[in-house]
Amino acid sequence: MAETETTDIRTLLGGGAGEDRLAVSHFVVGAVFLILGSLLSVLSLVALRFGDLIPVSFGRVEPMANLSLVIGFGVISLVGGVYYVLPRLTGARLSSTGLARLGLLGMAGIVTAGVVAIGFGFGSGRQPFGLPWWLDIPMLGTLSIPALTALRTIAVRTEPRSYVTVWFVIAGTVWMPLLFLANLVGHLPLLEAVQVAYVDMFVSGGMVTMVLLTLGTGLLYYAVVKELDAPLASRQLALVGLWSLGFASVWWGLAQLTFGPGPDWISGVVAALGLALPVAALANAANVSLTLEGSWGDLGTNHGVRAGVIGLYLAAIVAALAAVAGFRSAAAVTALTSFWEGIEIAWMAGVGALLVAATSLSALPRLVGREIHSGDRVRSFVRYTLVGSVGTLVTLATAGAVTGYSWTAGSNSAAYADFGEGWGAGVGATADTLLLLGALFAIVTLLGHLAYASVVLGTITSGKATTQELLVSKGVDDE
Amino acid sequence: MSDLVSAAAAALGIPESLTQRSAEARAAETGASLDEILSAWAGGAPPPATTQEPSPAATAPEEDEAAADPEPVTTAPVIDIPVPDTPQPEAPIPVGRYKPPVLVGVKDNPVGVLVGAIGLFAVIALIGLVGPASLADEPGARTSAISYSETALEGRDIYLSLGCAACHTQMVRPVVADVGLGDVTLNDSNQVLGTRRFGPDLANVGARLTSGQLEAIVGGLGTHPAHSLSPQDLSALVEYLSRSQSDGN
């Protein structure tokens, strides 16, 4: 079958049921924000190394990148995945495609407005997104829509049995607005600086574990089983993975404030509960590995699943690093350094991108009736994303360790006045070089993300025709 | 041809473009001609779009159940939602073709998961947010709160909007690394703590640098990024930074 070009927007989105077209829209919008976020991530690292090279400072570019990567790409794409799997797992049509469409427009619009606002100096300066309160409030509203849609759909399900993905979807979509509600509390003027710092770390940690990892892993469980036609190895391990993610939730982020002005007992809680993060990652990785028993060879042709499995293993490594850094002895060196910047970039640009791809690349052929545009490009996406994000993680984490040891030795602690209050006073030449390497690896990641976006767009516009999975119901108007 | 497509699309209840594409795919897959496929569909054949052939183990009993139960015509998607605990088929399973049903779920109540998720979040918020916030100040103890002027508070807003806290802390910790940075920051601090120290800590910068030095650095002295601020904003920011020093309380 020859490749066919199509330009009609409705046909581009697959021409299927309303929720299926909506899911495709989410994937496309997410891919666009991935490019923006990845580009901003590169700029932020360049700004970190060469403070005067680009007109916008690291302090502004970093939250712009976080916003684009986490919400613009991660959340929007994963919500698309939720809308894809829910009708298939519940036997019920999506409760309101109109509301869900509004949610997509809202999220995309607010992320765009947020990036512009922060760039022009209207940001709040808070981690991780830096949105001003007048954008945080509507963002809370739009992030509530996926939860409403999912819960209302599940409420009218005709399939009485829940596959594990449904549990992850319930938890992930509900935690998302709750986290943003907590984020809004940080804007209250009555809060002290310490409390605001804890809220920020709470939201930063939670957005990764309670949203990106929870939804990404849950959807991966669907993709693996569906694509390989192999039953899930263990429902119990999936449960361990889900609730461990909940318990791990915010603690790995709070480790950055160890020795800070918060109570001492928090650091003990952080170290203990932070261990839930590698437990969750390992439980999910083990479960998927067991499910793949006898089907490993099929990963060569299942591009999406392969990306997801690699993402899950990468998650286990990053989770272990984050958990180790939660202990006081390690935090004495790593806290406040680029070590945590490396961890965050690995979560967002590496693990997040690979997990999202597991869903989108598995779903797109079924949704639009077109084969994945280019297998080679998918391989490039996985390769570059993995090499780039791991490279950034290693270089920034090492730079952080070098800096931290330097501080601990006292070489920088009292020497700011001697150095001059300038950029880079807190790091030495070695750390500077490592930060430069980190920026170069971020460019490699960007190349991988460009490959992903071209695969998504190429698949819906010019992929070879294949069988399509349709949601049909007589008498129901998809419009 | 277009009549056939229209007829097939009408029979299947799906858009013509989809029907056309699905028929092309099916024709390529089976070797039959496009007209044959479309004619069959126009005559009421089942939709072409299912992606997985149900396993022999699952189909026979389900078809029987479907025949007896006319229920969900309005909501059933054309996909395979497997039913667990399927009774063993009476017919022998072809050797090498049997696969257990996938996407198997258990009968449960999603409300339990919902309550669990919200409850867990509440517990975490209690420990991670309310806990650190409920610190009681000891009367007479040293404070690290700084009495900012109105101008300095405006400068604090500029400090935030510029994203200074992404690179600078205002948090002196009781660790070797922070020796010499000033008094340890306490839990009543009203400074912007920050979580990265790519640049120097600024908790006590007002005691180390003059206003002129601070203005020069904000303007881009050395390797610090240059910020183009109005004279009024620059003055407010410098006022805020200058006030950032221990009050000696």
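The questions and answers below go through a predicted model with chains A and B.

User: How many helices and strands does chain A have?
Analyst: In this predicted model, the secondary structure of chain A was assigned along its 479 residues. Counted in this way, chain A comes to 17 helices and 1 strand.

User: Which radius of gyration does chain A have, and what would a compact globule have?
Analyst: The C-alpha trace of chain A extends over about 75 × 50 × 45 Å along its principal axes. A compact globule with 479 residues would have a radius of gyration near 23 Å, and the value for chain A agrees with this, being 22 Å.

User: What share of the residues of chain A count as buried?
Analyst: Among contacts in chain A with a separation of 6 or more, 85% are accounted for by residues 24 or more positions apart. As for burial, a residue counts as buried if 20 or more other C-beta atoms lie within 10 Å of its own. Of the 479 residues of chain A, the share that counts as buried is 68%.

User: In which order do helices and the strand follow each other in chain B?
Analyst: Chain B has 9 helices and 1 strand. Read along the sequence, these elements give the pattern α-α-α-α-β-α-α-α-α-α.

User: What share of the residues of chain B count as buried?
Analyst: In chain B, 70% of the contacts between residues at least 6 apart in sequence join residues at least 24 apart. Of its 249 residues, the share that counts as buried is 35%.

User: Are α11(A) and α12(A) roughly parallel or antiparallel?
Analyst: Helix α11 of chain A covers residues 276-291 and helix α12 of chain A residues 303-324, and their axes come within 8 Å and cross at roughly 160°. Because angles over 145 degrees count as roughly antiparallel, the relation of α11(A) to α12(A) is roughly antiparallel.

User: How many nonpolar, polar and charged residues are in the contact of α11(A) with α12(A)?
Analyst: The crossing in which α11(A) passes α12(A) is left-handed. On the side of α11(A) the residues include L277(A), A281(A) and V288(A), and those they meet in α12(A) include V309(A), L312(A) and Y313(A). Sorted by class, this contact has 15 nonpolar, 1 polar and no charged residues.

User: Are α2(A) and α14(A) roughly parallel or antiparallel to each other?
Analyst: The axes of helix α2 (residues 18-49) and helix α14 (residues 338-368), both of chain A, come within 10 Å and cross at roughly 150°. Since an angle over 145 degrees falls in that class, α2(A) and α14(A) are roughly antiparallel.

User: How many nonpolar, polar and charged residues does the contact of α2(A) with α14(A) have?
Analyst: The crossing of α2(A) and α14(A) is left-handed. Among the residues that make the contact are D20(A), F27(A) and L34(A) of α2(A), together with I345(A), V356(A) and L364(A) of α14(A). By class, the contact of α2(A) with α14(A) has 12 nonpolar, 4 polar and 1 charged residues.

User: What separation do the C-alpha atoms of Q468(A) and L364(A) have?
Analyst: Q468(A) is placed in the segment after α17 (429-462) of chain A, and it counts as buried because it has 26 C-beta neighbours inside 10 Å. Along the chain Q468(A) and L364(A) are 104 residues apart, while their C-alpha atoms are separated by 9.5 Å.

User: Which residues does S374(A) touch, not counting residues up to four places away in sequence?
Analyst: S374(A) belongs to the loop between α14 and α15 (375-408) of chain A. It has 18 C-beta neighbours inside 10 Å and therefore counts as partly exposed. Leaving out residues up to four places away in sequence, S374(A) touches V455(A) and G458(A).

User: Which residues does a cis peptide bond join?
Analyst: Most peptide bonds are trans. In the loop between α4 (97-119) and α5 (133-155) of chain A lies P128(A), and here a cis peptide bond, with omega about -5°, joins Q127(A) and P128(A).

User: Is L336(A) buried or exposed?
Analyst: L336(A), in the loop between α13 (328-334) and α14 of chain A, has a positive phi near 70° although it is not a glycine. Because L336(A) has 28 C-beta neighbours inside 10 Å, it counts as buried.

Methods: Residues are numbered from 1 along each chain as its sequence is written. Chains are lettered from A and ligands numbered from 1 in the order in which they are written. This is a predicted model: local features need pLDDT of at least 70, side-chain atom pairs count only at pLDDT 80 or more; totals for chains, interfaces and linings use all residues. Axes are lines fitted to C-alpha atoms, for helices over the stretch in contact, and angles run from 0 to 180 degrees between N-to-C directions. Helices (H or I, at least four residues) and strands (E, at least two) are DSSP runs, numbered from the N terminus. Angles under 35 degrees count as roughly parallel, over 145 as roughly antiparallel, 65 to 115 as roughly perpendicular and the rest as oblique. A crossing is left-handed if the near helix is turned anticlockwise from the far one by less than a right angle, and right-handed if clockwise. Two residues are in contact if their C-beta atoms, placed from the backbone, lie within 7 Å. Ala, Val, Leu, Ile, Met, Phe, Trp, Tyr, Cys and Pro count as nonpolar, Asp, Glu, Lys and Arg as charged, and the others, Gly among them, as polar. The radius of gyration is taken over C-alpha atoms; the globule rule is 2.2 Å times the number of residues to the power 0.38. A residue is buried if 20 or more other C-beta atoms lie within 10 Å of its own, exposed if 12 or fewer, and partly exposed in between; C-beta atoms are placed from the backbone.
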